[in-house]
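The following explanation leads the reader through one structure, step by step. Please keep the sequence and the three-dimensional view at hand while reading.

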Amino acid sequence: MDILVQQLINGLVLGSVYALIALGYTMVYGILELINFAHGEITMIGAMIAVATIGALSGGALPIPVILFTGLVAAMAGCMALGYVIERIAYRPLRHAPRLAPLITAIGVSIVLQNIAMLIWGRQYIAFPPVLPQGWHTLLGARITDLQVAILVTALVLMLVLDLLVHRTRLGRAMRATAQSIPLAGLMGINGNRIISITFLIGSALAAISGFMVSAYYGLAHYYMGFLLGLKAFSAAVLGGIGNIRGAMLGGLLLGIIESLGAGYIGTLTHGVIGSNYQDVFAFFVLITVLILRPSGLLGAPATDRA
Amino acid sequence: MSELLRFSGVSRHFGGVQALSEVSLSISRGELYGLIGPNGAGKTTLFNVLTGLIPPSSGEILFDGQPVHGLPPHRILERGIARTFQNIRLFPGLTALENVMIGRHARTHAGLLGAILRNRRTRNEEAAIRARAAQLLEHVGIARHAQALAGNLSYGDQRRLEIARALASDPRLLALDEPAAGMNPAERDSLARLIRQLRDEFQLTVLIIEHDVRLMMALCDRMAVLDFGEKITEDVPDRVRVHPRVIRAYLGGGEA
Amino acid sequence: MRRRQRSAWIAGTLLAIGLACLPLLLQIGLGRSWVRIADLALLYTLLALGLNIVVGYAGLLDLGYIAFYAVGAYVYALLDSPQFGLHWPLWAVLPLGAASAALFGVLLGAPTLRLRGDYLAIVTLGFGEIIRIFLNNLNAPVNITNGPQGISLIDPLHFGTISLAAPHRLAGLTLSPPLQYYYLFLACVLVVVFIALRLQDSRIGRAWAAIREDELAAAASGIPVRNVKLLAFAMGATFGGLAGGLFAGFQGFISPESFNLMESVMVLCMIVLGGMGHVPGVILGAVLLTVLPEALRMLGDWQLNHLGRVVADPDDLRMLLFGLALIAMMLFRPAGMLPSPRHRREWRKDARP
């Protein structure tokens, strides 16, 4: 029983991070129908900036919360600038190009970001400075650390805020209108380019926060970490129904839980024939099964093609 | 005249919405049969059910005495039912000629090996496909655009191209979904002439959805009126025109 | 007409002579390692031509294509290595690898038939990763794939007792192994190009194009969408499997890491960059993207010569430049370097999103 609870907690924490990254994919997709392949790398850059900043400051006299906060702000600023520039340079000129062209520039961008990170920070894993709280609590026989609580609460609050932003504010209405049709929104006086830029800024900020969380959670950052993270988050977005914001949240949380439970139980279930090294198979397998049963994801609008 | 197509008690619902309820129709060989009704009456749903894009929730569709409901679209086309779409669906990046050649798929056979070896039989078949497609473009009056990309054709020519593509499958029943939409009166008249001419030349039975009631009254031998997924009546135009429920449901809006 | 035919013949002959002499020139001009790079370029050309059938012809965005390369490679490796002590002849192993890949293509394609666009992309990506992870873990409880260590000591490509890994003398010329591989791969590429071109201009090719343009209209025009899609998956996978078998015999060693997602992405880049659906473009893309990273290796020497020392690790720099080149090429030629004449027209006339 306590193993179940433990895996659920771990899965929920991991899933909330996936969800934050997935939001970046899904918002961009919702408006541009573009798989922003570089989004995972933006997350990685966020992690790197955070770790580097915190590492640089942690020797000094500043109190730890200030250090952490500075690291977070630096990561967010860096990622938002990056996201903005990427959209302007690599995506905007191709908005009316053949469909796969921006996908290729996105791949190019992610290769570039990876290699820049490698040039700056090297090939080795970078440890997260030991400044984090180490406390933990017992919950239903399982252990939940302060860090896990912090990640989970922050992620849930951010999701709530984003949901309110999209569904309750003028900006959100403009975003939804732009997602319906950029030219039509333009007729209503909505500046599509501005909305797209804002979308990238928000997505990149969320990516930075997730990057910070992941590196804090695992205690590591690495130039290659964005790839698998991005892949999982994109899967989560698709699982929930890409383009759908609540879908991305649901998909992220589900994927985290599935992965965690899968890793925890698959060994016992198959008597050790299939071990936790099949964890990633498990995630993809669920994704594929869901999509085959519901081709537009869990919360995606069914693609009824009206003839 | 013998019966070619029969709908008996065909229903289709989407969730709670009843798009078609218990519709029964009978269309005879060689008829020009109209389907009218207000927006959302279920006309296009009826076409989609007929051509296999959507399976019916219940009911039977008999074509030439054989059940066709529940078959996949390409099987239904093989049986001899071809259609056009309300919001034109061509292959925009292919030439007009290629569009029509694709319509010939169901009546030709060359497979993988034929394609690779390009033996005499395949070559002959290809030549026949090409000739037939060119001939059909000629028939609908757009032969001069054979090498133009379908997406670059004018609206009216796209409609004609879609008809040519449908004809390429040697259909016995041609189902046209609002073929005159977006055309001016002169284009409409020429389209009506084309439809009659095609019926006579290819011995077709034609099922047409159209909003232009005047055009339909002039063109059709018989017609059915749908409203809220139900068939109100099925009769010759002169009697449909004066049918009280039709006037109330559809023509009452000022068009009569 | 006859004149055009004659000039086509002349161009073809010149091209054949050029392709035959190319590796000799490379060997003399740039060194033997470049012949190996030419070999790899040919293997990638095979892959790109295969993926082009799925993505370029039929419009099915497949991000797990490398899995079929892996299937072909592992079939060869398992049947021609000390792993199981088997040493099957080439004529049996290569077709078997291609056929197994085709079978996988159908098996993995079947559940995805209802999916569209990007959903298809992520599912194929998932399948690709699943196959790789299985290859990585199928060393226990029964050791089949030898896990992450991969399979080594794979028999080189051989015809009977003639191994392509040993030099041979022919008409006074010594043919080094890379040269021999080159000619074998070139022959395979020519066969595949021939098949790809014939398929494109056929009833099947038109059916693929119809599905790519509008799936629903294709179904309503009598195209059996399901079978035609599966055929595209199977054909693409066949070429991938063939390339995989050749790769295993050429390399002598394979491991699951040779078949990661980035490889699928690379092959996709090749066809998009070259010009999707257009065989000459696809070949150009494959050659360009194989050669470019290798050419950028020379950056290290350049730094030594001009700056006196290696300022930045050429290995890091070359991928960076490669990424930048991808972006730049797409920005300047969004329809690809060598798009089909038709796409060029379409692109000029109306730029649909």
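In which loop is the place of B:Asp170? B:Asp170 lies in the loop between α6 and β7 of chain B. The model examined here is a predicted one. In this model B:Asp170 has a positive phi of about 50°, although it is not a glycine. Most residues other than glycine have a negative phi. The relative accessibility of B:Asp170 is 32%, so this residue counts as partly exposed.

C:Asn146 is a residue other than glycine, and its phi is positive, near 65°. C:Asn146 is found in the loop between α5 (117-137) and β3 (158-159) of chain C. With a relative accessible area of 23%, C:Asn146 is partly exposed.

Helix α6 (residues 155-167) of chain B lies across β6 and β7 (173-177) of that chain, and α6 runs at about 155° to β7(B). The sheet itself is open and consists of six strands of chain B, in the order β6-β7-β8-β3-β9-β10, with mixed pairing. At its edges stand β6 (81-83) and β10 (230-235) of chain B; each has a single partner strand, so one side of each is left without a neighbour in the sheet. From one strand to the next, the twist averages 20°.

Strand β3 (residues 32-36) of chain B pairs with β9(B) in the parallel sense, over four bridges. Within this pair, B:Leu35 stands opposite B:Ala224 of β9(B). By contrast, β9(B) and β10(B) run antiparallel and are joined by five bridges. Here B:Val225 has B:Thr233, in β10(B), as its bridge partner. β9(B) and β10(B) form a hairpin with two residues between them. In the turn of this hairpin, B:Phe228 has a positive phi of about 50°.

Are the residues of β9(B) buried or exposed? Six of its six residues are buried. In a regular strand the side chains alternate between the two faces of the sheet.

When residues up to four places away in sequence are not counted, C:Leu246 touches C:Leu43, C:Leu46, C:Leu94, C:Leu157, C:Leu184, C:Phe185 and C:Cys188.

A:Thr199 is found in helix α8 (residues 192-218) of chain A. Its relative accessible area is 2%, which means that A:Thr199 is buried, the limit being under 20%. Not counting residues up to four places away in sequence, A:Thr199 touches A:Met27, A:Val28, A:Ile31 and A:Met175. How many residues apart in sequence are A:Thr199 and A:Gln124? They are 75 residues apart in sequence, and in space they are 33 Å apart, C-alpha to C-alpha.

Definitions and conventions: Residues numbered from 1 in each chain as written. Chains lettered and ligands numbered in written order. Predicted model: local features only at pLDDT ≥ 70, side-chain atom pairs only at ≥ 80, totals over all residues. Heavy atoms only, no water. Contact = heavy atoms within 4.5 Å. Pairing = 2+ DSSP bridges. Axes fitted to C-alpha atoms, helices over the stretch in contact; angles between N-to-C directions. Buried < 20%, exposed > 50% of the residue type's maximum accessible area, 1.4 Å probe, protein only.
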